[in-house]
Amino acid sequence: MKKNLLISIAAMVCSGPAIAAPSTPTPLTPTLQSGTDAIMRTIAPDGSIKTEMFSEPEPPAMATAKAKAMADAETFTVTVISDPNEDGKVTSFSGVYFIKSKMVKWPGASYKESGTYNLPAGEYLMQAEYMSGEVIFMEVNISEDMEIHLNPSMADKEITAIFLMPDGSEVMLPGSPDGMNIADGGIHYDLNYKGLGATGNYILDLKGDRLREQSTIRTNVCDEDLTVNYFFSGYSMDYQMINIVISENGGNIINGIVTNSTDNYASYSTEFTHTPAYKDFGEDNTEQNILVQLLNTDGEVMAGMGYLFDFPFEVLVCTRPAEIYGYNTCVLFGDTDLFDYGYGVTAPYMLKDNEGLRYLATNNGSPYSAPDEPRYYYYPENPAFSFYQAPGQVMGSTAPVCVTYSNGYNYPVEFTYLAPAMYYGNFGERRDVDIPLVSTVVKYNGEDVYTGEIDIRQWASEWAVDGHEPGDMTYIMTNTNAEVDGLAALNLCELKYNEAKTDCVPPTIQRVMMRNIDGTVTNRFATSTEGVITLAGGDFIKKTAPVDLGSYVSDFEYYTFEPATVEVSYAPYGENEFSPIEVVEDPEKFFMPGFGAYYEGSLECVNRESATGWYDLKVVMTDEAGNTQSQVISPAFHIDSTVGISSASVAKATFSVKGGKITTTGNNKVEVYNLSGSHIANSNLQPGIYVVRSGANVAKIQVK
C-alpha cells in the first residue's frame, strides 16, 4: 500500500468534501504570514461554522527587531477593551496587534474581551479583529498609560469578493443552487492599512452560497490607504487547480464589491523526471505537490495553499503582475522519489510577469538563506540565477551540484562536521532526495576514519573527544543518484582542511548553471561557442547573535562572506584528465545572502572529443586558510559538434577480473565504485558487486 506523503510546509490539514472526480487532490494545506495569527473557519456538515485560531510562529529575526525597539525605551501600559454590543453582549477579540513596522508588532488578546500591553512610546497602527469577523484599524500615539475602547459596530463598511472562473462564470461550490464548478475550495483574506497589517482569515470546506457570505470583510475604513487581499484556492474536475488572487485599493472599490479579471489567468506547469532512487523507493508514485503562495515585494509569505495532485492536472492562476499591486503569486512544484520521507525534486518558485513564466533563484531549503543581519524575509531573489521557462528544462534530469556546510552540535561536547546542505540541479531545482543517499568517507592523515555506514553525527561527537593530534582531514561525498541521457551521473565532492587551523570550514559552490549565449538555461549546445558556464560561491563564515525570545535567549545564525579562488576545468565524460576553462568574476552580480561571488566563462575553449558528446566539469574553490572544496559534476554539459563517434557506434567495453582488479579491453582506465557510490581503489577488491566505468561504458561487475 502506498505510504502517506508528508509535505514539508507549515500547515494545518483540512479535509475536502467527498466529490467523485478523476483524481481527488489531497490535502488542502494553508500557510500564513510568519509571526501572525489568523481565524480559521471550517463549515461542518450540519452547516455550523467552527472558529479556531491558526498561528504561524514569530521567527527569531522578528524577535530581534522587537528587542531592539524595546531597548532603553520608555514604556507605557495600554489596555484594549471590547465594549458591549447593542444587545449588551461582549464579543471577544480574535487578536489585537500594535504594529510599528512589518518586522515589529505586538500581538495579544486572543479569545479574550480585553488585552494589556507594555509598549515603548511612539506611534502605532492598532489592528483589532473580532471573533465575529470585524477588523478595526486605529492610529495610536502612545505617550502615557491609556485605555482603548472598541466595539464591532465600528466596522460599518463591507467588502465582498466575487471570484470568476476562466470562462467568466462565478465560482460555484458544492451545494450551490446553480450547480458546481469547484469541487473543493478555501479562502484567505486580510487587510493592510498604510502598508501594514498583521492577521487574516481562512475559510475552508466551503459549501454553496457560503462562499460569498464568508468572504465578506467588515471594517471601519475603506479609502486609498486600505488594501484588501483575497486568496482563493480550489480544484475542479474540469480545471484541476484554480487559484485566484485579488488585491485592490480601498479607494477603487465600488459598492463594496471586488472581482478578478479573467484576462489575468495563466497556466503553470513544470516538467520532471524521476531520479534513479524512484525505481527502488518511489512505489509507483504518480503525484506532484503544488504550493501556491502570495508574497509581498519584500518576500514575506502572506498566504498560501497547497495540494497533492495525481497526473494529469492543470494549474490555473489568476493574478495581476506584482508591479501593479505589490504582491507576487508564486507557484512551487515538487515531485517525490522517496515515499518514506516525502523526499523528491522541487522546482524553483515560478512567477508570471509580462514576459512569461520566470523561475526565481532563491536559497529555499539552504541554511545560507539566513541574511547577514537579523531580519526576516521569505526569500531574496537572486536575478543572476533567475530565468524564464523554455522547452527542455526538465527538473531532475541533470547531474547535481553540492552545497556543503558545517553542522554543529553541543552534546556531549561542542563538535562540528561537514555535510551536504542541499543538492541543486542545473535549473536550480532542489534535490532533497539526494541527501539521505549520499555516501561519505572521512580520512585523517590519509587513513579512513569514517564511512557512511553509521550516523556521522555520532562519529563526529566521538572524534571530538578521542584525544587525537590535529591533522589533515578529507571528506569525500559521493552522490550517484542521477542519470543523464541514459548515462550514469554523479557528483563527487571532496573537502580538505587541517584541524590545527582556526578556520576549518572549506568554501562551497552555491550554484552551477549552464546557459546558452542568449541566456536560456540549458546544458545542451550545438557548438562549444554557444555554451556559457555561470557559478556562484565562496567562503561563508557562520555567525551567531543572541536573540531575546521573551522566556529565553537563543542564538540567531547567519553567514558573512569571504572570497575564495576558483578554478574550473572540463574533461570528456568519464575521463580523469581535465583541461582549464577560464572564468571571470563579475562584481556587479555579487549577491548575499547565500550566493556570494559570481563567475562566468565561455565553453569556446572546449576542443577535446567526447564519444558521447557529454563532458564533465571540475570546480575547485580555495579559501585564504588553504581549505578546499573540489567537485566533479559528471556529466555537466553536451556539445553536438565535438562528437567524433556517433553514440550508435560506441563499442561496448568488455570488463574482466584478474587478481582482485577489474580491467577492460585496450587497457583503458577503469573507475570502481561500491554500491554505496564511494569511489574505491581498483586493487585487491574483496568479493562483491561493484559499479565500474570506463569512458562512456558503465556496468555492474561481480568479483568472486
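The legends below go with several close-up views of this predicted model.

Residues are numbered from 1 along each chain as its sequence is written, and side-chain values use heavy atoms, with hydrogens and water left out. As the model is predicted, local features need pLDDT of at least 70 and side-chain atom pairs count only at pLDDT 80 or more, while totals for chains, interfaces and linings use all residues.

**View 1. Helix H5 and what covers it.**
Helix H5 spans residues 456-463; helices (H or I, at least four residues) and strands (E, at least two) are DSSP runs, numbered from the N terminus. Look here for Ile456, Trp459, Ala460, Ser461 and Trp463, which are buried, meaning under 20% relative accessible area, whereas exposed is over 50% and partly exposed is in between (1.4 Å probe, protein chains only). The cover over these buried residues includes strands E30 (415-424), E32 (439-444), E33 (447-451) and E34 (472-484).

**View 2. Strand E16 with its partners E15 and E22.**
Nine of the ten residues of E16 (residues 240-249) are buried, so the strand is largely enclosed by the rest of the structure. Strand E15 (residues 226-236) pairs with E16 in the antiparallel sense over ten bridges; two strands pair if DSSP finds at least two bridges between them. A hairpin of three residues joins E15 to E16, and Gly234 has Ile242 in E16 as its bridge partner. E16 and strand E22 (residues 315-318) run parallel, joined by four bridges, and Met241 has Val315 in E22 as its bridge partner.

**View 3. The largest nonpolar core.**
A nonpolar core is a set of buried Ala, Val, Leu, Ile, Met, Phe, Trp, Tyr and Cys residues joined through side-chain atoms within 4.5 Å. Of the 44 residues in this one, Tyr268, Ile290, Val315, Phe333 and Phe385 touch the most other members. Strand E21 (residues 301-310) gives the most to this core, with five residues. Not counting residues up to four places away in sequence, Ile290 touches residues including Met241, Met305, Phe313 and Val331. Contact means heavy atoms within 4.5 Å. A second, separate core of 36 residues includes Met165, Leu206, Leu316 and Cys318.

**View 4. Gly688 in strand E50.**
Strand E50 covers residues 688-694, and Gly688 is partly exposed, with a relative accessible area of 26%. Leaving aside neighbours within four places in sequence, Gly688 is in contact with Ile701, Gln702 and Val703. Gly688 and Ile701 are 13 residues apart in sequence and 8.4 Å apart in space, C-alpha to C-alpha.
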